[in-house]
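Please open the structure in your viewer and keep the selection tool at hand for this short tour.

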Amino acid sequence: MKPESATRPESVFAMLPSVDDLIRSEIGQSLITSLGRRRLTVVSRVVIDELREDLKGRKSAELSKESLLDEAGSLLMKRWSETQMTGVRRVINATGVIIHTNLGRAPLSEPARVALLGASSYCSVEYDLRTGERGIRGVRVEEMLCELTDAEGALVVNNCAAAAYLVLTAFASGREVVISRGELVEIGGEFRVPDVLARSGADLKEVGTTNRTKLADYENAISDKTSMILRVHPSNYRIVGFTKAPSLDELADLAHRKGVMIYEDAGSGAVSDLNSISLGDEPVIKESIEAGADVVTFSGDKLLGGPQAGIIVGRSSVIEKLKKDPLYRALRVSKLIYAALEATLESHLRGDASKSIPVLRMAGMEAEQITSRSSAFIKKTPNQRLRLELIEGKSAIGGGSAPLVYPATTLIAIEHNDRSASELEAKLRENDPPVISRILDDKVVIDLRTVSESEETELAAAIEQL
Ligand SMILES: *Cc1c(COP(=O)(O)O)cnc(C)c1O
């Protein structure tokens, strides 16, 4: 009997391309500049091994040397594009969630981007251009923060969690911190107030109840072990209905009467006049300082609209002590952050933040503005297989800021003749640049509130390709 060559495993494996074949193939050559020869060799070897495994049980009659080389090429390409999809890439945020934590919170203003790029070269981060001598890191930002908030001093660290940790470690380690039960919250991303307190060595002294805490509750809890009263803005969480909490003024008066500190973790914090934008009850940092807070912390990349940073403002004695703490050296920010933050704060000081700071501009956009942009967008995005229609919807502030504020918007709903909503959503995500959309009632929806005018062409191209 003739041997069944078609099922003999050796013959299948003999068709397998070598690593060299794959590198020399068109796809291999096209990846050489991005990957470099050494990595291309490593990845090609992995791909060939994978293909060898996959060949077990396949019949050689269906295969040829050429078809296997093509398969190896596709696998190589797939691996490369998957690697590309796991890094940090610019994306188009079409979700309508303005401070989208997963998408990097606040997009920087144009001046902040320019400043960031400038500082990526040599820069005067610790050099005084007036004297040609060593300068002090962060002075300009600190001055601007004081000007904006009326605080005596300011300091910048890596994020608001670091700011809270530094303040608590420096002032409350081994002592008690009095806090309302209604404020023992988790902000998200593993920031839990009780855990931060514990890690900083402070003893938690809970007062009141989840929904109601009176001034007397605080007063009764203060002893000679108390270092401070802590007030935490609940950020992404609200207790509504039968509630009570003393005002910051009252708490500050009490603290000072008793000789302890009052610290407010404001989280988002508005620094300039946001009257034109309705953001609910977000604390205004200047008002917290005015109310008598000794120290206030907030994030740089929430409503401030700048880079990731934790900002600490307060009494000069407090700030001086924090500056001298070795922990500060470990939590300080880079020249890039100072540069971007400076430019962001300049916008707030100039008084044009509601126009020049992207998160504030997006939050203040009227629904009619979005409607007219959306209808113009639909007209210039023809695609026979798609149905685009405008529907009413809601955007969100996001990032744990103003959780009860959902600005009215107009959404572009997309339906395809033969693709499902989740297929469309995935395809938009795979676009270059990736487009992040939402699915609502089985339709993909796009909210132009969070898409800048300059991104519209790319967005239209992504939609046309669906
Ligand atoms: C967001 C937030 C934090 C954490 O800020 P990061 O900048 O993300 O570290 C801490 N406290 C409050 C009240 C917040 O809202």
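Begin with the charged side chains: the model holds 31 salt bridges, where a salt bridge is a side-chain nitrogen of Lys or Arg within 4 Å of a carboxyl oxygen of Asp or Glu. The structure is a predicted model, in which local features need pLDDT of at least 70 and side-chain atom pairs count only at pLDDT 80 or more, while totals for chains, interfaces and linings use all residues. Residues are numbered from 1 along each chain as its sequence is written, and side-chain values use heavy atoms, with hydrogens and water left out.

Select E126 and R332 next, whose side chains form one of these salt bridges at 3.8 Å, N to O. The two partners are 206 residues apart, with E126 in the loop between α6 (110-119) and β2 (127-128) and R332 in the loop between α14 (326-331) and α15 (335-350); helices (H or I, at least four residues) and strands (E, at least two) are DSSP runs, numbered from the N terminus.

Now move to the ligand, and display R105, N159, C160, A161, I187, F191, H233, S235, D265, G267, S299 and K302, which surround it (each has a heavy atom within 4 Å of it).

Zoom in on the polar contacts, that is, pairs of N or O atoms within 3.5 Å. A backbone N or O atom of C160 is 2.9 Å from an oxygen atom of the ligand, and a polar side-chain atom of S299 is 2.8 Å from an oxygen atom of the ligand. On D265, select the side chain, where an N or O atom lies 2.7 Å from a nitrogen atom of the ligand.

Finally, colour α8 (160-172) and β10 (261-267), the elements that give two or more residues to the shell around the ligand.

Note on methods: A polar contact is a pair of N or O atoms within 3.5 Å; within protein, one must be able to donate a hydrogen and the other to accept it, and residues adjacent in sequence count only if both atoms are side-chain atoms.
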